[in-house]
Amino acid sequence: MSADIKSKNDLRSGFVSVVGRTNVGKSTLVNAIVGEKVAIVTPKPQTTRNVIRGIYNDKRGQIVFMDTPGLHKPRTRMNETMVRQAMDSIRSVDAVLWLLDATALWKDEEERLFAALREAGRPVVMAINQIDRLKNKSLALPLIAELSQKAQGWPVYPMSALNKADIPGLLDLLFPLLPEGEPLFPEEVYTDQMERQLVAEIVREQVFARTREEVPHCAGVLVESFHEAKEEGGRVVIHCSILVERESQKPIVIGRGGQNLKAIGTAARQEMQRLLGCPVELRLFVKVHPNWRDNPQILREMGLG
Ligand SMILES: Nc1nc2c(ncn2[C@@H]2O[C@H](COP(=O)(O)OP(=O)(O)OP(=O)(O)O)[C@@H](O)[C@H]2O)c(=O)[nH]1
Ligand SMILES: [Mg+2]
């Protein structure tokens, strides 16, 4: 057997679902591990709405991380789908990375997830994230002890997704949990998302950043058209609708004199240009669609069906 073939047999590859309560830092962590912006991140809960794959490679093999919507109490069909997708993911993966919040360790969501994980029987790593937000580092010790007691053998790893130095130790815990095998995706692929989905998410991130209270949660983005550049160096023309649920939300998104929508468009266009590597013409339309989050057809169009 040649050395080359032997080294290939030593590779490990598989799927790791990243789960946890909403807002604990799952998307931040997946982006940090992959080294690319796979998923949008905002300070608001319920940011991630569907399962997004972010792919990490090193000489040990490949981990396909599945960033999932955060667990919360769902009040619409869309939110039910979000939570269901996250819970379903734990049965089909090689290992689960459960992210917890150092400043609020254990709530109802953790209790439910714990029961589901024990039933699913997949290997689990528990990571206590946002450890940097503790006033004193020594405060982490009782949290680790508390979780270790519950965990029944699952490793407990304190970390901050904002601290790159914490990532290698986490990967060391995950790789041994994966089966031996060749990478599942080519090395240059870092996500499974299509350009259209990435574009919709870029707009949604700006809507989240520039609206408050219930408005971001009631907003969704549909890519109405995406026209490739006709010639080399030409511009991509993208039309997106921002759906809101009530008439009163429309002027909030648009802002006085259209200023807010303009800011959303400018920031989103700049990021699209970086992503696509060419000039982008972006048109945004704000539409009222009562209860779209309970509308199966719209949810399917958004990939949330
Ligand atoms: N201080 C600190 N902030 C963090 C850390 N990880 C994430 N955050 C912040 O927490 C907020 C939520 O992060 P996300 O990555 O969107 O959280 P999420 O778990 O993906 O949230 P959902 O998609 O809503 O479930 C953002 O403002 C992040 O910048 C961390 O380790 N330390
Ligand atoms: Mg997220």
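## Ligand 1 site

Of the 22 residues around ligand 1, K26, T28, T47, T48 and D132 come nearest; a residue counts as near when one of its heavy atoms lies within 4 Å of the molecule. The model is predicted, so local features need pLDDT of at least 70 and side-chain atom pairs count only at pLDDT 80 or more, whereas totals for chains, interfaces and linings use all residues. Residues are numbered from 1 along each chain as its sequence is written, chains are lettered from A and ligands numbered from 1 in the order in which they are written, and side-chain values use heavy atoms, with hydrogens and water left out.

Oxygen atoms of ligand 1 also lie close to polar atoms of the protein. An N or O atom in the side chain of T22 is 2.9 Å from an oxygen atom of the ligand, and a polar backbone atom of Q46 is 2.9 Å from an oxygen atom of the ligand. For S160, a polar side-chain atom lies 3.1 Å from a ligand oxygen.

## Domains and their interface

An automatic or database domain assignment divides the chain into domain 1 (3–177) and domain 2 (195–301). Their C-alpha centres lie 29 Å apart. The contact (heavy atoms within 4.5 Å) takes 17 residues from domain 1 and 19 residues from domain 2.

About 1,500 Å² is buried between domain 1 and domain 2, and carbon and sulfur atoms give 51% of this. Buried area is the accessible area (1.4 Å probe) that two parts lose on being put together, summed over both. I40, K44 and R49 supply 38% of the area that domain 1 buries against domain 2, more than any other three residues.

## Polar contacts and salt bridges

Between the domains, 11 residue pairs (both at pLDDT 80 or more) are in polar contact, that is, a pair of N or O atoms within 3.5 Å, where within protein one must be able to donate a hydrogen and the other to accept it, and residues adjacent in sequence count only if both atoms are side-chain atoms. Two salt bridges cross the interface, under a rule that asks for a side-chain nitrogen of Lys or Arg within 4 Å of a carboxyl oxygen of Asp or Glu.

The whole structure holds 13 salt bridges. One pair is E271 and K37, whose side chains meet at 3.0 Å, N to O.
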